Amino acid sequence: MRVTEGGVELEVPAESTEGVEASVFYNPRQELNRDLTIALLRAYREREPRAESYLDAMTASGVRGIRAAADGWDVTCCDRDEGAVELARENCERNDCDVSVVRRNANALMHEKPYDVIDLDPFGTPMPYADAAFASCRDLVCVTATDTAPLCGAHLNSGIRSYSAVPRNTEYHPEMGVRILCSALARSAARFDVGVTPILTHATSHYVRTYLELEHKATAADAAIETLGYLSHCEDCLYRESSRGLIADPLETCPHCGGERILAAGPLWLGPVCDRAFVADVREALDDSFGTATKIDRLLADLEVELHEPTHYDQHKLCKQWGLPANSMADFLADLRSAGFEASTAHYSGTAFKTDASVGDIREATEDNLTG
């Protein structure tokens with residue numbers, strides 16, 4: 001089956017043949033992920049001009065690596081599946097791309113040779129590949145995690161096993177996944193005296209994607225670890241608070257309602273998950289060759305203004321909790337700002353917002369207009 005994506009033409013496998021799943025996976029729903037990757041690589045090349053080499057560590061049909069090569073990167077595509085390697089090579093020839101396609105275990109390859117940018121986009125958790133990536137990469141590690149049920153707390157024990165952290169399934173579960181993933185990656189990098197800074201992160205559809213800029217210094221690794229901490233969340237009134245540090249001291253009772261149904265989650269990344277100035281640069285790198293350019297622009301516009309608070313609220317869930325009707329998000333946020341608090345939309349959903357107000361402050365600031 002032929003497809004065109006980002007200006008390159010590719011042969012990709014059909015989803016199945018006579019009921020048997022194709023051994024080489026191509027997911028059209030990940031086009032936004034790939035489009036955003038190419039736009040980000042363009043912006044990152046301006047940020048770090050010496051970055052040239054790019055490893056597509058789980059290449060499958062080769063689409064991501066070929067698009068990066070067409071954009072000027074020195075690309076290596078890697079896969080351990082023989083069919084994937086053959087298809088990726090055919091696609092490279094079809095697009096006249098000078099790409100090295102190798103059949104290897106990604107971890108073995110990463111331990112053998114350094115790259116400026118490494119892209120991990122496995123099926124499921126990326127953690128089995130994280131150590132090798134941070135040991136090998138010079139500048140930027142790009143990571144996709146598709147195991148959102150464990151990552152966001154719906155499958156608790158699996159999340160604990162995969163990420164060495166306790167995720168909790170709250171109404172802000174997409175952000176729980178974002179911050180559990182960034183925490184696990186920061187701890188992996190720190191083992192190699194590497195500090196990470198998330199410069200763009202989003203939770204979209206069935207996956208979490210983060211781009212981590214690296215600093216190869218023990219002090220930078222220490223600073224990243226100091227960004228980690230824990231959340232306490234009240235299931236009764238939705239109050240939550242965070243505290244930094246790797247020794248948890250969870251709340252026993254809720255300071256807002258006195259309830260005892262307290263969930264503790266962590267360690268999580270509590271710092272910013274995006275660099276707003278860099279997000280603006282990525283927006284500038286978009287053009288009409290991206291099939292999902294309009295969607296990406298909306299996503300990046302949200303990320304540019306999103307506050308760095310470590311959780312988001314769902315307006316409808318709060319209003320249901322209070323027994324009050326929801327008003328427009330614009331009016332709701334305006335009431336918070338008028339009361340002296342910071343407030344922004346959040347990219348996780350149309351009813352998600354962030355604020356530095358407590359749950360009690362939110363109700364006090366917005367209640368009059370909700371009842372009116």
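## A cluster of aromatic rings

Tyr 313, Phe 332 and Phe 353 are joined into a cluster by ring pairs. Rings of Phe, Tyr and Trp (its six-membered ring) pair if their centres lie within 6.5 Å. Planes under 30 degrees apart count as stacked, over 60 as edge-to-face and the rest as tilted. This is a predicted model, in which local features need pLDDT of at least 70 and side-chain atom pairs count only at pLDDT 80 or more, while totals for chains, interfaces and linings use all residues. Residues are numbered from 1 along each chain as its sequence is written, and side-chain values use heavy atoms, with hydrogens and water left out.

## The two pairs at Phe 353

Three aromatic pairs are found in a search of the whole structure. One of them is the stacked pair of Tyr 313 and Phe 353, at 5.5 Å centre to centre with 20° between the planes. Tyr 313 belongs to strand 15 (residues 313-314) and Phe 353 to strand 17 (residues 352-355), so the pair links distant parts of the chain, 40 residues apart. Helices (H or I, at least four residues) and strands (E, at least two) are DSSP runs, numbered from the N terminus.

Phe 332 and Phe 353 form an edge-to-face pair, because their ring centres are 5.1 Å apart and their planes stand at 70°. This pair ties together parts that are 21 residues apart in sequence, since Phe 332 lies in helix 13 (residues 329-338) and Phe 353 in strand 17.

## Burial and a neighbouring charge

Tyr 313 and Phe 353 are both buried. Buried means under 20% relative accessible area, exposed over 50%, and partly exposed in between (1.4 Å probe, protein chains only). Phe 332 is buried, with a relative accessible area of 0%.

Arg 240 lies over the face of Tyr 313, at 3.8 Å from the ring centre. A charge sits over a ring if NZ of Lys or CZ of Arg is within 6 Å of the ring centre and within 35 degrees of the ring normal.
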